[in-house]
Amino acid sequence: MQFDTKIAIVLRADLAPWQKLNVTAFLMSGIVGATPGLIGERYRDGDGIGYNALAVQPVIVLGTDAPGIRKIFDRAGTRGAALSIYTEEMFSTGDDAANRAVVAEYATADLNLVGLALREERKLVDKITKGARMHP
């Protein structure tokens, strides 16, 4: 099935594996929270046991370096794309309020981005994320 939109998560390539997983989970929650209808129906196995519903569309995870994330962030801003962001300082916080507070301490140009996510029209996502590579 071909979707009109694409979900892309871009991670700074030098993060530790646990950080990449943590950032990916948080960023995807931002996309889900901003996108009504993105979650499908509950799953059921052959025995009738129910499981949580998942996103109805694939997600690509890309990697790049710090300057690459900044370029992608800037491209998204100039094109009006809605972003979920994760900054390095958020690794030292313990809850949502603290996360928002630490982001608010920095001007846009000074955000120390380690990851971002977007869901927009396919071609727009491709233009914005140009230069990032599929995460290994």
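**Aromatic rings, salt bridges and a buried glutamate**

Tyr86 and Phe91 are both buried, a word used here for residues with under 20% relative accessible area, while exposed stands for over 50% and partly exposed for what lies in between (1.4 Å probe, protein chains only). The model is a predicted one, in which local features need pLDDT of at least 70 and side-chain atom pairs count only at pLDDT 80 or more, whereas totals for chains, interfaces and linings use all residues. Residues are numbered from 1 along each chain as its sequence is written, and side-chain values use heavy atoms, with hydrogens and water left out.

The structure holds three aromatic pairs; rings of Phe, Tyr and Trp (its six-membered ring) pair if their centres lie within 6.5 Å, and planes under 30 degrees apart count as stacked, over 60 as edge-to-face and the rest as tilted. One of these pairs joins Phe26 and Tyr86, whose rings are 5.7 Å apart from centre to centre with 55° between the planes, a tilted arrangement. Because Phe26 belongs to helix H1 (residues 17-34) and Tyr86 to strand S5, this pair ties together parts that are 60 residues apart in sequence; helices (H or I, at least four residues) and strands (E, at least two) are DSSP runs, numbered from the N terminus. Tyr86 counts as buried because its relative accessibility is 3%. The rings of Tyr86 and Phe91 have centres 5.2 Å apart and planes at 50°, so this pair is tilted. Trp18, Phe26, Tyr86 and Phe91 form one aromatic cluster.

The structure holds five salt bridges, each being a side-chain nitrogen of Lys or Arg within 4 Å of a carboxyl oxygen of Asp or Glu. In one of them, Lys6 is joined to Asp126, with the closest N and O atoms 2.5 Å apart. Since Lys6 lies in strand S1 (residues 5-12) and Asp126 in helix H4 (residues 122-128), the pair ties together parts that are 120 residues apart in sequence. Arg12 forms a salt bridge with Asp14, and Arg12, Asp14 and Glu88 are linked in a network of salt bridges.

Glu89, by contrast, is buried yet has no salt bridge, the nearest side chain of opposite charge being Arg12, 8.1 Å away; here Lys and Arg count as positive and Asp and Glu as negative, while His and the chain ends are not counted. Glu89 sits in the loop between strand S5 (83-87) and helix H3 (96-104).
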